[in-house]
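Visitor: I've got a structure open and a few questions about it. Can you walk me through the pockets first, then the strands and helices?

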Amino acid sequence: MPDVQTMLRRYDALFEQQSVWRSVWQEIANYQFPRKSDITTRRSVGSKQMTKVFDSTPIHANELLAASMQGALTSAVIKWFSLKTRVNELNDDPEIATWLNSSAGRVYLALQQSNFNGEMQEVYLDLGAFGTGGMTLEEQDPTAAAFSGFLFRSLPIGSYVIAENAAGLVDTAMFRLIMSVRAAYD
C-alpha cells in the first residue's frame, strides 16, 4: 500500500487534471443546481444562491429526472436486486437459492433502515446535472460488536477524483473530507 505522501500527490495530480471540469460544473450549478454552486466560487453562509437563475425549468427538469431514475433503478418500495453466485449450477440448488434470496432480503431491509434513499437521490441529482456522482458506504458504528447498519454519504461534486486503468475501469477513487477537530476526534 502506498504511503500517505504518495496518495496525497496522486490526489493532487488528479485534482489538477479535473480543473477543466470544475469550471464547467460551476457554470452548470449556477443555473441548474444553485444549492451546490460552490464548486469554484465560495459564498458566505446565508448569501443568495439564485442570483443567476432566471428560469426554474432546468432545476425542475433535473429534479424530475432524478426522481424518475430513483423510482426506476433503486425504488424504496420494490426490491430492485437479487443475489446469485458466479457458478450457475449452484444457483439451481434450492437450498442455495433460498439462502441467497433470504440474504438479499436482509440486505434490502438494511438499505431501507439506512439513509440510502436520501443520499441516492442526491447522487441522481448530480448525475443529471454534472454527469457524474459519488457516494461512500460505511458501517454505522464500526466499533460495535454486531453489524450496526449502513451509513451512506453522497459526495459533493468537485470533492472527489476518479481515475481509470487501461481497460477503462475505475481503479482510483479519492475524496476530500473537511470536518471539525471534534468530529475528526469522534
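Guide: Below we take the pockets, then a hairpin, then a helix pair. Keep in mind that this is a predicted model.

Visitor: What volume does the largest pocket have?

Guide: About 370 Å³. Its lining has 18 residues.

Visitor: Which of them are closest to the centre?

Guide: Pro156, Gly158, Ser159, Arg176 and Ile178.

Visitor: Which strands supply at least two residues of that lining?

Guide: Two strands do: S1, residues 134-139, and S2, residues 150-155. S2 gives the most, with three residues.

Visitor: And how does the lining divide into nonpolar, polar and charged?

Guide: Eight residues are nonpolar, four are polar and six are charged.

Visitor: Which residues line it?

Guide: Leu14, Gln17, Gln18, Trp21, Trp25, Thr132, Tyr160, Val161, Ile162 and Ala163.

Visitor: Which helices and strand supply at least two residues each there?

Guide: Helix H1 (4-17), helix H2 (19-32) and strand S3 (160-164). The largest share is from S3, at four residues.

Visitor: How many charged residues in that lining?

Guide: None; the lining has no charged residues. Seven are nonpolar and three are polar.

Visitor: Let's stay with S3. Which strand does S3 pair with, and in what sense?

Guide: S3 pairs with S4, residues 170-175. The pairing is antiparallel and runs over five bridges.

Visitor: Tyr160 was in the pocket lining. What stands opposite Tyr160 in S4?

Guide: Phe175. So much for the pairing.

Visitor: How many residues sit between the strands of that hairpin?

Guide: Five residues lie between S3 and S4. In this hairpin, Gly168 takes a positive phi near 80°.

Visitor: Switching to helices. At what angle do H3 and H6 pack?

Guide: About 125°. H3 covers residues 57-73 and H6 covers residues 116-130. Their axes are 8 Å apart.

Visitor: Why does that make H3 oblique to H6?

Guide: Angles of 65 to 115 degrees count as roughly perpendicular, and those over 145 as roughly antiparallel. The angle here is about 125°, so H3 is oblique to H6.

Visitor: And is the crossing left-handed or right-handed?

Guide: Right-handed, as H3 passes H6.

Notes. Residues are numbered from 1 along each chain as its sequence is written. This is a predicted model: local features need pLDDT of at least 70, side-chain atom pairs count only at pLDDT 80 or more; totals for chains, interfaces and linings use all residues. Side-chain values use heavy atoms; hydrogens and water are left out. On a 1 Å grid over the protein atoms alone, a cavity is a set of points where a 1.4 Å probe fits but cannot get out, and a pocket is an open set with protein on both sides within 12 Å along at least five of seven lines; lining residues have an atom within 4 Å of a point. Grid points are joined across faces, edges and corners, and a volume is the space filled by probe spheres set on the points. Ala, Val, Leu, Ile, Met, Phe, Trp, Tyr, Cys and Pro count as nonpolar, Asp, Glu, Lys and Arg as charged, and the others, Gly among them, as polar. Two strands pair if DSSP finds at least two bridges between them. Axes are lines fitted to C-alpha atoms, for helices over the stretch in contact, and angles run from 0 to 180 degrees between N-to-C directions. Angles under 35 degrees count as roughly parallel, over 145 as roughly antiparallel, 65 to 115 as roughly perpendicular and the rest as oblique. A crossing is left-handed if the near helix is turned anticlockwise from the far one by less than a right angle, and right-handed if clockwise.
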